[in-house]
Amino acid sequence: MRLRRLVWKEFLELRQNPRLFGIVIVAPIIQLTMLGYAATTDVKDVPIVVADGDRSPESRSLIARFDVSRNFTVIDTVTTVADVDGYLQRGRAWVALAIPQGYGAAIHSGTPVALQVVADGSDSNSTTVALGYATSLIGGYAEELTARASAAAGPRPAAIDTRIRIWFNPQLESRFFMIPGVLALLLLLVTANLAAMAIVREKELGTLEQLNVTPLRRWELIVGKLLPYGVIALIDVFLVTAVAVFWFEVPLRGSLTLLIAMSLIYVLCTLALGLFISTVSDTQQQAMMTATFFFLTPMIYLSGFIFPIENMPRVIQYATYLIPLRYFLVIVRGIFLKGIGLELLWPQAAAMAAWGAVVLALAVARSRKTTG
Amino acid sequence: MSAAATANAIEVRQLTRRFGQFVAVDDVSFDVRTGEIFGFLGSNGAGKSTTIRMLCGLLQPTSGTATVGGIDVRRNPESVKVRIGYMSQRFSLYELLTVDQNIRFFGGIYGLAEARLAERRRFVIDMAGLAGRETTLARDLAGGWRQRLALGCAILHEPAILFLDEPTGGVDPISRRQFWRLIDALSQAGVTVLVTTHYLDEAERCHRVALIHAGRLAAMGTPTEVKQVFAGRPIVEIRADQAVDAMRLLEAMPAVEKTSLFGTAVHAVLRDPAVSADAVADRLRAQGIQVEAVATVAPSLEDVFLDVIDRANAAARGTAA
């Protein structure tokens, strides 16, 4: 009865608060869309400048290869290697390709020829990836030329036979890996922040004191906040999953029901964390700061969302076991990409449930009706 | 329940609350009789709110005891909460809920059944003069309405004891008067009201008042009783063009105990009831002050309040010396 009134009241307030509506519904979609495009380690349209010292049909054919590749965009063609300096310095090009004079003649005569690739190393990750693309593109082109030459002379087995098999993400699309992680991240940010505001807002308004002189029980207050925000989080799960599957075409190989169920356990953790922060804060601003700096940021860094946990020092690796996001990342990626079920994910689910229960109990314990 | 507990709605014994080194409420004892309007007077920071918060079970006393409706507040704060209503100076309402929604929410929290809630809702809307404003958001209500709605929400469950912590702060005089009529009506219906205020005109409307200064109870009784401190010490009210000069000259007169400024007038407390107001005025005129009006006045609670503070401060200096 009392609980029903609390939940009812929370939804009424939510409906009257357009900004809250924005945080809950609009922001996750915008963020997922932005992060879905931005949070990717694929390198596309790398600006490349070519110093074509040969200006032969052969050199133009090679340049055309770069131009049609979706990894590169040829921004300019110059004559000498010295001319590319300016492009790299100003960042107009990340990579420069130098084709020496006599390249076309060398191709025809079958003599070895060296192509020079110069790259801007300031963003080492992207550069490494871009260099990899350039190398494989040139290598592929060279193979083709050899094949064509030998075809003219008669059939001959291919000299190179490399077969790489990639599992789960055969297109090696990094967004397939990133977007389920973004779902976990968004749920954490939205629900923990929302819950962190929940009780402290009433503290500021004075209504918490008013509630404290009523017979309302502490757990009723906490659960009265948990339920409405849980419903909102569930809406977010559906929204974000829909965007991931239908817009970004991330395959959902596992069970949707399992994904929802796991999300609910995870949201119990994030809401409990938020409510706990709310009970230890005096102002909304303080709650926001505490949430962001003491909890959310370290959690995101240590969860394995950005940096692989395996590469962290041992002590920090142990600390990551205290982070529910860590478990949920394994769960969402497992359900989305590998299609695995509870038979493999139960340890993560159990760890999250325990974490949520403990933090929720802490929040209830911290929400005093009588100041000592 | 003992006979004493039924006669007194609130019994406070040696109640003390410390915050670190600071003693906010220091050894305070008093009783509030059932159905009485009991005024708790004092300046800001005197310990009024701290006392009320302890009685409502919001704050644990450091020492001492308090029973509210016969229940020990320290041992059983949650049982007290069923029997009391509390309204603070903030008129705490849900800003984003309408008048009606606020009433229904608090009714639900107090566990009112649907039929009783409907009846109480009508009563509160009527009492607060909010008919026609049921769907207005609380944040859009003017001060007086907010205040009356907050009172209404605090008495939905018909508590026997009502705590009002500076309930008229920031409200216009007409709304204040209206509000006090509601308090009178509640008291008449048998509700015990403990109200803190620093408006001394409001204190005159209380059945009994307690003056609290620096955490200590400095005086207590009916307004008439507490004014007895001025028995044999008449108060002369003087209106003069140079009030400050007049005060200085008055202070120098042997017949004058002390003076204080009341708006544009000066109140002089005389040591001797035999000295007339006109004699004081004549002496001022003789010293070149244009006296516009002079009269012996009945002491107001404000006079009492200032007198009590003066003596408390003097006593504090005495013990410190």
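In which loop of chain A does Glu249(A) lie? Select Glu249(A) to begin: the residue sits in the loop between helix H9 (218–247) and helix H10 (256–280) of chain A, where helices (H or I, at least four residues) and strands (E, at least two) are DSSP runs numbered from the N terminus. Glu249(A) has a positive phi of about 55° although it is not a glycine. With a relative accessible area of 56%, Glu249(A) is exposed; the classes are buried under 20% relative accessible area, exposed over 50% and partly exposed in between (1.4 Å probe, protein chains only).

The model is predicted, so that local features need pLDDT of at least 70 and side-chain atom pairs count only at pLDDT 80 or more, while totals for chains, interfaces and linings use all residues. Residues are numbered from 1 along each chain as its sequence is written, chains are lettered from A and ligands numbered from 1 in the order in which they are written, and side-chain values use heavy atoms, with hydrogens and water left out.

**Second stop: Glu166(B)**

Select Glu166(B), in the loop between strand S7 (161–165) and helix H7 (173–188) of chain B. Phi of this residue is near 45°, a positive value in a residue other than glycine. Glu166(B) is buried, with a relative accessible area of 12%.

Return to chain A and select Glu220(A), found in helix H9. Glu220(A) counts as buried at 6% relative accessibility. Its side chain makes a polar contact with the side chain of Arg2(A) (3.0 Å); a polar contact is a pair of N or O atoms within 3.5 Å, and within protein one must be able to donate a hydrogen and the other to accept it, with residues adjacent in sequence counting only if both atoms are side-chain atoms. A polar atom of the Glu220(A) side chain also lies 2.8 Å from the backbone nitrogen of Arg217(A). Leaving aside neighbours within four places in sequence, Glu220(A) is in contact (heavy atoms within 4.5 Å) with Arg2(A), Leu3(A) and Leu6(A).

Show both chains. The contact takes 29 residues from chain A and 32 residues from chain B. The area buried between them is about 2900 Å², of which carbon and sulfur atoms give 59%; buried area is the accessible area (1.4 Å probe) that two parts lose on being put together, summed over both. Select Arg5(A), Gln210(A) and Val213(A), which supply 21% of the area that chain A buries against chain B, more than any other three residues.

The interface of chain A and chain B has two salt bridges, each a side-chain nitrogen of Lys or Arg within 4 Å of a carboxyl oxygen of Asp or Glu. Glu78(B) and Lys369(A) meet in a salt bridge through their side chains (2.7 Å, N to O). Between chain A and chain B, 11 residue pairs are in polar contact (both at pLDDT 80 or more). Helix H1 (2–16), helix H7 (174–205) and helix H8 (207–212) of chain A each supply at least two residues of the side that touches chain B; H1(A) gives the largest share, nine residues.

**Last stop: the two domains of chain B**

Colour domain 1 (3–221) and domain 2 (228–320) of chain B separately; the bounds come from an automatic or database domain assignment. Their centres, taken over C-alpha atoms, are 36 Å apart. Domain 1 and domain 2 of chain B bury about 790 Å² between them, 84% of it on carbon and sulfur atoms. Finish with Leu200(B), Leu211(B) and His213(B), which supply 59% of the area that domain 1 buries against domain 2, more than any other three residues. The interface of these domains has zero salt bridges.
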